[in-house]
Amino acid sequence: MAAASLDLQGLLARLDPTADVAQRHIWLIDVFDWLRGDRASPQAAVGRVSLLLDAVEARPELRERLRAWWRAFTRAVDLTALLADYGFAPRTAFVSELTERLRRKILPGTPETTDASDLFRMVLPGAFDAGWIALLDDAQLARIGNLLADAALDDIDGAPRWRHTVMDAVTYCSSQVVAAGFSPELRLRMSAASESRAFHALMSDLDALREQMFRAPRDEDALREQMFRAPRDEDALQAAFVAFRDRLDACRASASSVYAHLEDNGISVGLVFRLRQLRERVLRIRELLDCLVSATPAPSVARLVGRLVLAGGERNSIRALIASNSSMLAAKVTERSAETGEHYITRDRASYLQMVRKAAGGGALTALTVLLKFGIYSLALSAFWSGLWSGLMYAASFVAIQLLHLTLATKQPAMTAPAMAARLRDIKTDAAVADFVDEVANLVRSQVAAVLGNVGVVVPAMLALALLVQFALGRPLLDAAHAAATLQSLSLLGPTALFAAMTGVLLFAASIVAGWTENAFVLHRLDSAMRYNPRIGAFLGAARARRWATFMRTNISGFASNISLGLMLGLLPAIAGFFGLGLDVRHVTLSAGQIAAAAASIGTAVLQQPALWWAVAAIPVIGALNVSVSFYFAFRLALRAHSVSLGDRARIRSAIRARWRSRPISFFLPA
């Protein structure tokens, strides 16, 4: 403690209100560095605050010098911008905002500045500061207020300058709220039933509040009250405050009505960013008003400073930027995928059997896909062109499966996960958790039915095609070396499991493309453009244009998913090979068809080969990894979009484990 006191005495000796801007700010930074100490605990920092207050209060000359320093500081630095704008991102573009945050992390800042935001970032840089500021008690806060109180900082009307500074910050924030509310992007999307005209009266209500806040006191002796004094006319001030607060809440409610429009008409990241900024501005105004209308504003000021510290940390954090943007992107893609995914969940025996039949048809068509894959391979093209033509062939096959209303098993999980997560918006009761577990069982059964239908049909269909080709050409579909290599590449003893998990990631990525494309299609109202655009109508005819618009609105998500998945399955091995990575894809239905083709080419002797059975053993592993990996990533993304808490996630996991122990058969067969 003695060493700390000596260090403190040295800091106080350097206090010079006549120093230049840089030296004054360096002294302030050094003081807060001393308060933090070794950052062992926030309580230690609070103890150092008491030491600092004791040292200053014990010396009247030092107290006057500190007030002179504070006077020079507040006149040189614009604190209004700090209170109004600190922590808010000025841009919506991810790349430009990321570049700005990287610049601040890499390039050093200078204390020779009059920008309060830049200085605040250097003085209070981290969450540790918010922790010890929150621990300051009312007595310490009152002592700080008394030390900084200075009659020389009073304006002509007798109100302390800090009140005008805070009110100016409220004005700036309110103008930002009004500007956002008047922007056509939000205004045209607000609900007609909401009080959309609340933005018109917000500034007039603020003017009324300002008038009451700075009404001249009737008692001239009150002109020199202490710094944290309350306005004299409390009743009028309270009425003005309530009116402005209610108007602010009406503005916030009007802006919130835009979310309903986005859910029905597509989500824009830029619009969601503006809505979140507007909400944060409203919360900042409420915090500033607490400082103004409270009879004891010191605790409110401390809370505001702590919030500014945390907001600045988020504003400077690259991780927070990525998290925020991923949350908005999650909402953008999962809302549309949830709508599509509902069609893939079976809930009774009839829909379960229908899923099996659709999957059987998908398996039969996949056998033809495998045949075409071997045909492209036989052309001996370069890696890129072989991958490109394979990808186009996969895409065409997947689109054909879609248009024939058949099912490809592994396409389901990434589409159904958002539909499942959408049911978590209200998961607070045990009954809601039980309903969700029922949906999980329905989903797992749907996946089992689809995989069994695909694999159960693609194998005999591929055997039949291989025998037909052998009969037509007079030779097996694959030569002995190629057939053996195919079985070896699909063996469970090799990297098949890794490749299957990678394929699950590709399935998830295809669902992201599907959700993004459908959201863009809906957001930009392309179906309406196809239906009513005069040029399109003149070219296609009105009736045909309506049919095409309905067709594209129904199938755009599937087209985007199937085409992107096909190209990724075909091109990934070629691109990975260019970089020497040796990655490949393992799709359960395609792999089962390849095994059947290789077995048919070798003949009955293949039954004696261990390579066949190791490849067969890999099929359930491939299917499980395809389904589970794609569902895991899609479900996590959807949980993020719906902001499901960690506690609710734990309850859900516990309920699913309980269902598995009590009724495991419900995950595989319908009741």
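Figure 1. Ser666 is buried, with a relative accessible area of 7%. The model shown here, as in every view below, is predicted. Ser666 belongs to the segment that follows helix 28 (646-662). Its side chain reaches the backbone oxygen of Arg663 at 2.7 Å. Leaving aside residues up to four places away in sequence, Ser666 touches Ala441, Arg445 and Arg659.

**Figure 2. The whole protein, for orientation.** The protein contains 28 helices and zero strands. Of its 671 residues, 49% count as buried. The accessible surface comes to about 31700 Å², and 62% of that surface belongs to carbon and sulfur atoms. Among contacts between residues at least 6 apart in sequence, 82% join residues at least 24 apart.

**Figure 3. Leu492 in a loop.** Leu492 is found in the loop between helix 21 (480-489) and helix 22 (496-523). With a relative accessible area of 28%, Leu492 is partly exposed, because the range for that class runs between 20% and 50%. From C-alpha to C-alpha, Leu492 and Trp614 are 5.5 Å apart in space, although 122 residues separate them in sequence. Trp614 is one of the residues that Leu492 touches, along with Ala617, Ala618 and Val621, when residues up to four places away in sequence are not counted.

Figure 4. Not counting residues up to four places away in sequence, Leu209 touches Met167, Leu237, Ala240, Phe241, Phe244 and Leu289.

Figure 5. Leu379, Leu381, Phe384, Trp385, Trp389 and Leu392 make a nonpolar surface patch of about 630 Å². One of these residues, Leu381, sits in the loop between helix 17 (349-378) and helix 18 (383-403). Leu381 has a relative accessibility of 38% and so counts as partly exposed.

**Figure 6. The salt bridge between Arg143 and Asp54.** A search of the whole structure finds 20 salt bridges. In the one formed by Arg143 and Asp54, the closest N and O atoms are 2.6 Å apart. This pair links distant parts of the chain: Arg143 is in helix 9 (residues 138-148) and Asp54 in helix 3 (residues 42-57), 89 residues apart. Arg143 counts as partly exposed at 22% relative accessibility, and Asp54 counts as partly exposed at 43%.

**Figure 7. The salt bridge between Arg307 and Glu287.** The closest N and O atoms of Arg307 and Glu287 are 3.1 Å apart. Arg307 is partly exposed, with a relative accessible area of 36%.

**Figure 8. The salt bridge between Arg245 and Asp246.** Arg245 and Asp246 form a salt bridge whose closest N and O atoms are 3.7 Å apart. Arg245 counts as partly exposed at 24% relative accessibility. Asp246 is also partly exposed, with a relative accessible area of 41%.

Note on methods:
Residues numbered from 1 in each chain as written. Predicted model: local features only at pLDDT ≥ 70, side-chain atom pairs only at ≥ 80, totals over all residues. Heavy atoms only, no water. Patch = residues over 30% accessible without salt bridge, like charges linked within 9 Å, V, L, I, M, F, W, Y side chains within 5 Å. Areas by Shrake-Rupley, 256 points an atom, 1.4 Å probe, with all protein chains shown as cover. Salt bridge = Lys/Arg side-chain N within 4 Å of Asp/Glu carboxyl O. Helix = DSSP H or I, 4+ residues; strand = E, 2+ residues; numbered from the N terminus. Buried < 20%, exposed > 50% of the residue type's maximum accessible area, 1.4 Å probe, protein only. Contact = heavy atoms within 4.5 Å. Polar contact = N/O pair within 3.5 Å; in protein donor to acceptor, adjacent residues only side chain to side chain.
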